[in-house]
There are 2 protein chains.
Amino acid sequence: MSEADDFLKVARAAREAAAELAPLPRSPKDAALRAVADALVARAKEIVEANALDVAAAREGGTPETMIDRLRLDEKRVDAIAGAVREVADLPDPVGEVVRGSTLPNGLELRQLRVPLGVVGIIYEGRPNVTVDAAALCLKSGNAVLLRGSSSAYRSNTALVQIMQDALAGTEVPSGAVQLVPGTSRESVGHLMRARGLVDVLIPRGGASLINSVVEGSTVPVIETGVGNCHVYVDEDADLGVAMEILVNAKTQRPSVCNAAETFLVHAKVAEAFVPAALARLAAEGVTVHGDERVASYGASGVVVPATEEDFSEEYLSLDIAAAVVDSLEDAVAHIRRYGSAHTDAIVTRSQSAARRFVALVDSAAVAVNASTRFTDGGEFGFGAEIGISTQKLHARGPMGLPELTSTKWVYIGEGHLRTSAGTVIAGG
Amino acid sequence: MSEADDFLKVARAAREAAAELAPLPRSPKDAALRAVADALVARAKEIVEANALDVAAAREGGTPETMIDRLRLDEKRVDAIAGAVREVADLPDPVGEVVRGSTLPNGLELRQLRVPLGVVGIIYEGRPNVTVDAAALCLKSGNAVLLRGSSSAYRSNTALVQIMQDALAGTEVPSGAVQLVPGTSRESVGHLMRARGLVDVLIPRGGASLINSVVEGSTVPVIETGVGNCHVYVDEDADLGVAMEILVNAKTQRPSVCNAAETFLVHAKVAEAFVPAALARLAAEGVTVHGDERVASYGASGVVVPATEEDFSEEYLSLDIAAAVVDSLEDAVAHIRRYGSAHTDAIVTRSQSAARRFVALVDSAAVAVNASTRFTDGGEFGFGAEIGISTQKLHARGPMGLPELTSTKWVYIGEGHLRTSAGTVIAGG
């Protein structure tokens, strides 16, 4: 059988499982998730063994140790993965929630209910824990899932999916609801991207190039996630001490994540008071500043690396930050609109009016006022779990929890309601 | 300048206008809509003259009279179009609505606000009233709009858009917020479909082939609308008199619209009691029944046209209906899943359990219980206006009103909130 046939087989199995899974209430879904967690712990040795083969292959291929650490599983990490599954089981079920409802003037009872999306495809990179996290979130929200992880983690993912399927086989959730896309070729991603009608939504999780290739190539609807060129704007009315701490926190607390700051903008009126101190502090924190000429003018020779156009568009994910001086809040907004990724942008200001204007004018998934950009996160927002952070405007924007993995269905209940040109008539009434 | 350059010019103008329009509160938007309505009435003569050229060209090209009637505008119809704009002005503004909000444990004030999508592209067919309706709904929800109507209505649409832009020029809403895609070639649709980054969403309104071509060819996110292969399922526990009226209403009250019924399914246990009467009644209403063998067995020779696979997939939009006998509610659901378009499907039953199962198992935008499928409509649902009926699962499903033309933005407000590995710290606090 060809890889394309293999793909169709698992996609159809997921589709069938989705139809069975969708109407299930919460209890059997939670029981199934707990069975999955138990099985992962019970069969941790198998997982670690399969993972060891992936790790050995990666090492042989010259993969850097930081990447290998992301790939690596041990029994403790498997325990943590199982714990995360139990946490998902404890979350409320979004399915069946009545989003809106009313009795229409003609007596029809109208309800808008949350329902599962159907089959969710997830395309992701190195960390095998995503395999289980994503599957748990999809199952809890009543969706079947088609997983396409990194080829470097294929053995680990195969073991994890097999164990999840085996665990589901003893529950009311159909075991076909969790599927690994077969094969490790580039083409296997293509099958998933063109599976319109079989897959309801694709969520790519990873770097900008992965996400762009999925957005461009997919005929299945896509939710873009996670590219974050986040800004901190220090307003003329900022408390400069607070601004400094927010800037340093947003850049350095965890530089490798999408809600870390990648650019700071300073109002010209406070540039002299803020920029030299910021350059000293950032240098002390090990951060390289890529500044425009005005920023550079506040540093000793060589302290500030000259910023190019690319620097302002860059998601460094490292101890680098771009910087510019702007003449007004409006110029800061224009800079953010031009170079930003519409993830999270922050203003530091004591001015109510400036905060109000910034919030109104910045068109991003999240806007922070006097707070670090690092708070844009499903966990911080109280969602309990997160499948990713959407940077697009359709369907979901910002951190996505369980409700963002659902659609809705309108239900209307009558007693023989007919629509006529003169209004509603009740048949037999 | 090439058509591609012309397109980019109007798309960029719409993008700029969208940024200006988005933060406007309700009052200036309503005032602008009323100015548009006044201008349409005041300049009705220009509109009717431009339209007369479209009508003459269509007639010369051999367009059937029913299509010409859709295209034709007179002063009375222009008045009605202006009246619809005033009704949109009277509707509540979705922008700024706080969808969710809480104060997080660390004191951050978290709000999810409704914001405009940005630039909305609408691709539609013959009726020039859509030009104004769609523009009014987009402006009210704070969006700029790029309109691409039928080439047969190009002169009418050019006049309508010019008058709307002239009217907006005297208001706080930027006149660039309403744009007609220049040109009538097929390529001009292509420019719109590939304008990712300039256009935030495309909404095709029209027949299945238009919608499929947009879905397949667009790199801009699309909301699919309006293809309706709607079913009426007559359950074994149906009140057969009510079932007959619902079936006839759903098929014949307005056969040309997407929420009209295109197939009916009858439980085998009531087939003998229902099908012969239904065949007689439908024949009397001028409806041709395309039935499976079991349906045909209840009619005299030649009364029932044998149904092909295609008949069950067909959106007739005419006085035709497909029909089949099924052995169970589950078989009815399987038929609907296989052939339906997930628009609206109805069950007629007195059984609470059957209604509950049907609602749970049918995965469509709307499910009707003891009511005609014709009620799936923004007006009937009380939305006040409707931009279309989504048959997809992402973003919006079912009738789309003003809130469905928005996205959301998270705002969080702190007082120096920093995220640390030990929890939140307040800078300077």
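Trainee: About how much area is buried between chain B and chain A?
Mentor: This is a predicted model, where local features need pLDDT of at least 70, side-chain atom pairs count only at pLDDT 80 or more, and totals for chains, interfaces and linings use all residues. Residues are numbered from 1 along each chain as written, chains are lettered from A in written order, and side-chain values use heavy atoms, without hydrogens and water. Buried area is the accessible area (1.4 Å probe) that two parts lose on being put together, summed over both. Carbon and sulfur atoms give 56% of a total of about 6,000 Å².

Trainee: How many residues of chain B are in contact with chain A?
Mentor: Contact means heavy atoms within 4.5 Å. On the chain A side, 74 residues take part, and they meet chain B residues numbering 74.

Trainee: Which element gives the most to the side of chain B that touches chain A?
Mentor: Helices (H or I, at least four residues) and strands (E, at least two) are DSSP runs, numbered from the N terminus. Several elements of chain B each supply at least two residues, including α1 (3-21), α10 (240-252) and β16 (406-420). With 14 residues, the top contributor is β16(B).

Trainee: Which residue is the bridge partner of A:Ile413 in β13(B)?
Mentor: Two strands pair if DSSP finds at least two bridges between them. Strand β16 of chain A pairs with β13(B) in the parallel sense, over 5 bridges. In β13(B), the partner of A:Ile413 is B:Val369.

Trainee: How many salt bridges are there between chain B and chain A?
Mentor: A salt bridge is a side-chain nitrogen of Lys or Arg within 4 Å of a carboxyl oxygen of Asp or Glu. B:Glu224 and A:Arg196 form one at 2.6 Å, N to O. A:Lys393 and B:Asp200 form one at 3.7 Å, N to O. A:Lys393 lies in the loop between β14 and β15 of chain A, and B:Asp200 in the loop between α8 and β6 of chain B, so the pair joins two chains. Between the chains, the count is 10.

Trainee: What rotation superposes chain B on chain A?
Mentor: Copies are superposed by least squares on the C-alpha atoms of residues with pLDDT of at least 70 in both. The shift along the axis is 0.0 Å and the RMSD is 0.0 Å, with a rotation of 180°. The two copies are thus related as by a two-fold rotation axis.

Trainee: Which residue of chain B comes closest to the rotation axis?
Mentor: The copies meet through the same surface, because 100% of the interface residues of chain B are also interface residues in chain A. At 1.8 Å from the axis (C-alpha), the closest residue of chain B is B:His395.
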